[in-house]
Amino acid sequence: MTTPAPRGRGTRGLTRDEVLDAALDLAEERGLSAVGVRAVASRLGVTPMALYRYVGDKDGLLDGLVERLMREMPEDDPDLPWQDRMRAFAAGVRQVARRHPALFPLLFTRPTVGPEARRPRDAVQDMLRAAGVPEEVVPPLQRLLDTVGMGLAASEAGGRFTATPEEIDRVHALAEEIFLDAIERYAAR
């Protein structure tokens, strides 16, 4: 790894994306516990104070990483049947977890309230509405689906499953089948 030249007066300033890229790289190389304002600043060759305008403090840095993960969540295609949309979304979540196994658990511990965080949540809620789920049930059912789906993806990416890839695929397929069937039965009431 090369250390960037220190930035001083007259040099181009940082961007929020550069700060979050450095934090992401640090998390993937040394684990989430290594991510902090000082460590990210050191990686960028700046003082910790230089990061505060972009991320605030460590909480802001972690929230930015959640935002980054959510940005990678799959796009929804409302022209597809809701079942295909759900399957594609679940597969996309697994891909994000596989790309960022050290970072993915942040989704269980940090708030996801920014615009990027709302996009996947809103997409799943739209899928549930397309299935005919009553509006009052849409938000809690979306949370349940997120928790189970992301939990399975995090367990797989983190190496918690001691099974072959085929066996893990069967677990995901079973979860999909159970949830799609349950959503259809619930919507038909």
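Welcome to this structure, whose largest nonpolar core has 52 residues, with V40, L51 and F104 touching the most other members. A nonpolar core here is a set of buried Ala, Val, Leu, Ile, Met, Phe, Trp, Tyr and Cys residues joined through side-chain atoms within 4.5 Å. At least two residues of this core come from each of α1 (16-30), α2 (37-44), α3 (52-55), α4 (58-71), α5 (82-99), α6 (115-131), α7 (138-157) and α8 (165-188). The biggest giver is α1, with seven residues. Helices are DSSP runs (H or I, at least four residues), numbered from the N terminus.

The model is predicted: local features need pLDDT of at least 70 and side-chain atom pairs count only at pLDDT 80 or more, while totals for chains, interfaces and linings use all residues. Residues are numbered from 1 along each chain as its sequence is written, and side-chain values use heavy atoms, leaving out hydrogens and water.

Let us look at F104 again. Not counting residues up to four places away in sequence, F104 touches L69, M73, V93, V96, A97, M150, A153 and A154; contact means heavy atoms within 4.5 Å.

Three of those partners, M150, A153 and A154, are also among the buried residues of α7. The buried residues of this helix pack against α5, α6 and α8. The 20 residues of α7 should span 28 Å at 1.5 Å a residue, and its end C-alpha atoms are 28 Å apart, which agrees; the expected span is 1.5 Å times one less than the number of residues. Just after α7, G159 takes a positive phi of about 80°.

Next comes the meeting of α6 and α7. Their axes come within 9 Å and cross at roughly 115°, where axes are lines fitted to C-alpha atoms over the stretch in contact and angles run from 0 to 180 degrees between N-to-C directions. On the α6 side are R121, V124, Q125, L128 and R129, which meet V138, P139, L141, Q142, L145 and D146 in α7.

Buried means under 20% relative accessible area, exposed over 50%, and partly exposed in between (1.4 Å probe, protein chains only).

| Residue | Class | Relative accessible area |
|---|---|---|
| H100 | buried | 6% |
| P139 | partly exposed | 24% |

Leaving aside residues up to four places away in sequence, H100 touches L24, E28, L69 and E72.
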